[in-house]
Amino acid sequence: MLSEKMQDALNAQMNWEIFSAHIYLSMSSHFSQIGLPGIAQWMNAQYQEEMFHAMKFFAYINEAGGHARLGTIDTPPYEWKTPLAAFEDALAHEQGVTARINELANLAIEEKNHAVGIFLQWFISEQVEEEDTVGGIVGKLKLVGDGGGLFMLDRDLGTRVFTPPVKA
Ligand code: FEO
């Protein structure tokens, strides 16, 4: 059972995850355009992961007796000055997502809705991983600069494939 307030908050997060997906897909297009296909592939995998997050909210809201409602998604940016600038934007975005998930968890505590609290546990752990992964790439980009190391990093990041967890 979801309160109206909780249902609205979960729907807002579902739509925010779709917005996150669009940001990464836009970054994927940008990196294709500037000749870094590996980073484009990494961003495409991240897009799929964000859609997976959105669909977890979608399924949960409906299962919990609510109504998953799709909303307007803002237009994401479409170009970045440097690869580092894009990943710094991604890190800031993920930190924002973490803050939103924490707010949702606070609401679950406030409403004593333990089921929602348990559902959110997965996202709380996931955000630690998301920030760590993106922060790690920011660190590597700072080390390699714009030289040949960037092409090696592009090759490494291009090996990423998104595989949904068997049981999420
Ligand atoms: Fe769905 Fe990257 O947080």
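## A buried charged pair

Arg-160 and Glu-49 are both buried, a term that stands for a relative accessible area under 20%, against over 50% for exposed and in between for partly exposed, with a 1.4 Å probe and protein chains only. The model is predicted, and local features need pLDDT of at least 70, side-chain atom pairs count only at pLDDT 80 or more, while totals for chains, interfaces and linings use all residues. Residues are numbered from 1 along each chain as its sequence is written, and side-chain values use heavy atoms, with hydrogens and water left out.

Arg-160 forms a salt bridge with Glu-49, in which the closest N and O atoms are 2.7 Å apart; the criterion is a side-chain nitrogen of Lys or Arg within 4 Å of a carboxyl oxygen of Asp or Glu. This pair links distant parts of the chain, with Arg-160 in the segment after H5 and Glu-49 in helix H2, 111 residues apart. Helices here are DSSP runs (H or I, at least four residues), numbered from the N terminus. The charged end of Arg-160 also sits over the ring of Trp-42, 4.6 Å from its centre, where the rule asks for NZ of Lys or CZ of Arg within 6 Å of the ring centre and within 35 degrees of the ring normal.

## Other salt bridges

The count of salt bridges comes to 4. Among them is the one between Glu-110 and Lys-5, whose closest N and O atoms are 3.7 Å apart, and which joins helix H3 to helix H1 across 105 residues of the chain. Both Glu-110 and Lys-5 are exposed.

Arg-69 forms a salt bridge with Asp-8, with 3.1 Å between the closest N and O atoms; Arg-69 lies in the loop between H2 and H3 and Asp-8 in helix H1, 61 residues apart. Arg-69 is partly exposed, at a relative accessible area of 36%, and Asp-8 is partly exposed at 39%.

## The loop at His-67

His-67 also belongs to the loop between helix H2 (37-63) and helix H3 (83-110), and is partly exposed with a relative accessible area of 47%. Leaving out residues up to four places away in sequence, His-67 touches Gln-7, Asn-11, Ile-61 and Asn-62, contact being defined as heavy atoms within 4.5 Å.

## Nonpolar cores

The largest nonpolar core has 22 residues, of which Met-27, Phe-31, Met-43 and Phe-87 touch the most other members; such a core is a set of buried Ala, Val, Leu, Ile, Met, Phe, Trp, Tyr and Cys residues joined through side-chain atoms within 4.5 Å. Helix H1 (4-33), H2, H3, helix H4 (114-144) and helix H5 (148-157) each give two or more residues to this core, and H1 gives the most, with 5 residues. Apart from this core lies another, of 19 residues, among them Phe-57, Ile-101, Ala-105 and Phe-119.

## Aromatic groups

The whole structure holds 10 aromatic pairs, counted where ring centres of Phe, Tyr and Trp (its six-membered ring) lie within 6.5 Å, with planes under 30 degrees apart called stacked, over 60 edge-to-face and the rest tilted. Tyr-60 and Phe-119 form a stacked pair, at 4.1 Å centre to centre and 10° between the planes. Tyr-60 is buried at 14% relative accessibility, and Phe-119 is buried at 12%.

Both rings belong to one aromatic cluster, made up of Phe-52, Phe-57, Tyr-60, Phe-119, Trp-122, Phe-123 and Phe-162. Lys-56 lies over the face of Trp-122, at 4.4 Å from the ring centre.
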